[in-house]
Amino acid sequence: MAEGVVYDLGYHRHEGSRLGRPGALRALYRDGLRRVLGLRRRARSKVLPWGLLAIAVLPAAAFIGIAVLTRQFGVEDVTFFSHADYFDLTGTIALLFVAVAAGELLVPDRVHGVLQVYASRPLTANDYLLGRAAALATVVFSFMYIPHLVLLLGRAWVADAGFGSYVTSHLADLWQTAVASLVYFAALAPLAFLLAAYARRPAIAAGVFIGIMALSSPATRALVVEAGFDPFGLFALQQHPVVVKDWLMGVPSAHLVPQRAGFEPWVSLAMILAVGLLCGLMVARRYRRPV
Amino acid sequence: MSETIVATRGLGFSYGDIVALHAVDLDVPAGCIGLVGANGAGKTTLLKLLLGILRPRAGSVWALGRSVPAEALAVRARVGYMPESDCLPPDQTAADFLGYAAELAGLPARAARQRASDILGLVGLHEERFRPMGGFSTGMRQRAKLAQAVVHDPDLVLLDEPTAGLDPEGREEMLGLIGRLESFGINSIVSSHVLTDIERTCTWVVMLDGGRVLRSGPLTEISATGEVAVEVLDDPAPLAAALAAAGAVVETVGNVLTVRGGPGDPFDLVRDALAATGTTLRRLGPRRTTLEDVFLQGGGDG
């Protein structure tokens, strides 16, 4: 049975410009953003990313609403949580998001043979991986940073000192939350990418990643605190970004596993970078010959 | 010979201990080129070497005048590739994926969308362009794969088993599309183990067997036998006798005589014998063999 009709509309050669590798990289990056956010895909693909973003922003929006209301009743300086506290929520959301997004970015291309199309275009395997990582970094950074921006601008809006004065006096919050957001990405994404580079299904990659991260804290806590094996404090993968974030924002804390094991905050930062580098090299090796 | 689009010198590649290509020397002209050989002959390996996906273990390869893999990215910007296996994301529409495939080759976004629409019309998928490709039939998937290979208007397209899995009607349509590529200014290398597909679409044939080149040349030369086929309406016996008397070797099957050897041009011999015996001629021409025959004979003397 004929499955379509071939209409002869003629053929026209492309006489316009060709953007080469830079154009291909931009297209790859945009596709990564669309894939991570579920854009131009079925509605169910949009539920998780946009739902998580809404959950991340909701507390900040609620705070602003409550602050505006209470101000009308003469109550001032309402503070439910600090920027550092807010990372406890957005960090968990980022973990869930990265778990799902890394699989969506890498697994379908490999399983459905789309890598063969990339391999026939003016792109290297590293271009592909960097384009995917850049798209994920953009979205995860936005995920983590936008709620802080909303919180800061909301506080500035209701501040007695006035909007401009509040923002000026809290500029440190802007860069600290930005850097901390990048640290969370660096701590989460490489391992998620590594698992996605080998998984046959995105859900399996996500499940294993969440399992490793979730188990790393209680397992290392038991080994460090109860058994006294301090070096295992290095493997508290989920807590390293929290340690670095507290260090950046000047929040005193000593309850986290790496700290209980006696490691300075810079060790947590070094561990994040080392794990990231190792995972990055392993992913690059996996994609050395993609098809 | 017209412009060379692909050349190799001493090209070799192996997967571990398994030799896939051994000392391959080729000069392939522009046009529609058939790459034939049994499964495992090295066809797909050669295509991947042309794209720079694989690196040669020995020798050199050039495509469109550029060295591969040194200039692989520049080559890939002007080459399309239709892989044998699946390469379509099931959750994307054909229009979205083709637009993206064109952008990945460096076309600006607007031009990419326009070409995606045009090419989908060309391959007969215009009505299906907004459907996720996961619901496509095998024939539609093959046409979408061909579309992504040509959507960026390449100078050369590499087609790996383009008719695989197609029913007879789908095969006809695919061969028709491939046959039209040359008129669009797109050279093509069609890899196939279905020799009749190559005979129908290509003008130049490269035969591979066990990683070695059996033959490479114009289809007309490869299929030529140097023999003359004569079909007559009358009793062929007097004509056969006259030709044998003139020194030719004649084989008769029904009313068809195959003539070879003899002094001078065999066509002249046949003309003279027809005139002498008064036999009524129905058809006269060079006898051509099929690619299958050439392949089974080990590539002839090439």
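H2(A) and H5(A) run roughly parallel to each other, because the angle between them is about 5 degrees, and angles under 35 degrees count as roughly parallel. Their axes lie 8 Å apart. The model is predicted.

**Helix pair H2 and H5, chain A**
- H2(A) covers residues 43-72, and H5(A) covers 125-158.
- On the H2(A) side, the contact is made by Leu53(A), Ala56(A), Val57(A), Ala60(A), Ala61(A), Phe63(A), Ile64(A), Ala67(A), Val68(A) and Arg71(A).
- H5(A) answers with Phe143(A), Ile146(A), Pro147(A), Val150(A), Leu151(A), Gly154(A), Trp157(A) and Val158(A).

**Helix H11, chain A**
- H11(A) holds 22 residues, 265-286.
- From first C-alpha to last it reaches 32 Å, close to the 32 Å expected at 1.5 Å a residue.
- Ser268(A), Met271(A), Ile272(A) and Val283(A) are buried in this helix.
- Seen down the helix axis, the buried residues of H11(A) fall within an arc of 100 degrees, so they line one face.
- Trp266(A), Ala274(A), Leu277(A), Leu281(A) and Arg285(A) are exposed on the other side.
- The cover over the buried residues includes H5(A), helix H7 (171-198), helix H9 (240-248) and helix H10 (257-260) of chain A.

**Thr177 of chain A**
- Thr177(A) sits in helix H7 of chain A.
- Thr177(A) counts as buried because it has 25 C-beta neighbours inside 10 Å, and 20 or more is the cut-off.
- Beyond its neighbours within four places in sequence, Thr177(A) is in contact with His83(A), Tyr145(A) and His148(A).
- Arg21(A) is 156 residues away along the chain, and its C-alpha atom is separated from that of Thr177(A) by 34 Å.

**Contact between chains A and B**
- 38 residues of chain A are in contact with 44 residues of chain B.
- Helix H1 (20-37) and helix H4 (115-119) of chain A each supply at least two residues of the side that touches chain B.
- H1(A) gives the most to that side of chain A, with seven residues.

**Chain B overall**
- Chain B has eleven helices and 14 strands.
- Its C-alpha trace spans about 70 × 45 × 30 Å along the principal axes.
- Of its 302 residues, 50% count as buried.
- Among contacts in chain B between residues at least 6 apart in sequence, 66% join residues at least 24 apart.

**Helix pair H3 and H4, chain B**
- H3(B), residues 94-104, and H4(B), residues 109-122, pack at an angle of about 130 degrees with axes 8 Å apart.
- The two are therefore oblique to each other.
- Their crossing is right-handed.
- Residues of H3(B) that meet H4(B) include Ala94(B), Leu98(B), Gly99(B) and Ala102(B).
- Their partners in H4(B) include Ala112(B), Ala116(B), Ile119(B) and Leu120(B).

**Backbone features, chain B**
- The peptide bond from Val68(B) to Pro69(B) is cis, with omega near 10 degrees.
- Pro69(B) lies in the loop between strand S5 (66-68) and helix H2 (72-77) of chain B.
- Asp153(B) is not a glycine, yet has a positive phi of about 55 degrees.
- Asp153(B) lies in the loop between helix H5 (138-150) and strand S7 (156-160) of chain B, and is buried, with 24 other C-beta atoms within 10 Å.
- Glu161(B), also a residue other than glycine, has a positive phi near 50 degrees.
- Glu161(B) is in the loop between S7 and helix H6 (168-181) of chain B, and is buried, with 20 other C-beta atoms within 10 Å.

Conventions: Residues are numbered from 1 along each chain as its sequence is written. Chains are lettered from A and ligands numbered from 1 in the order in which they are written. This is a predicted model: local features need pLDDT of at least 70, side-chain atom pairs count only at pLDDT 80 or more; totals for chains, interfaces and linings use all residues. Helices (H or I, at least four residues) and strands (E, at least two) are DSSP runs, numbered from the N terminus. The expected span of a helix is 1.5 Å times one less than its number of residues. A residue is buried if 20 or more other C-beta atoms lie within 10 Å of its own, exposed if 12 or fewer, and partly exposed in between; C-beta atoms are placed from the backbone. The arc is that of the directions from the helix axis to the C-beta atoms. Two residues are in contact if their C-beta atoms, placed from the backbone, lie within 7 Å. Axes are lines fitted to C-alpha atoms, for helices over the stretch in contact, and angles run from 0 to 180 degrees between N-to-C directions. Angles under 35 degrees count as roughly parallel, over 145 as roughly antiparallel, 65 to 115 as roughly perpendicular and the rest as oblique. A crossing is left-handed if the near helix is turned anticlockwise from the far one by less than a right angle, and right-handed if clockwise.
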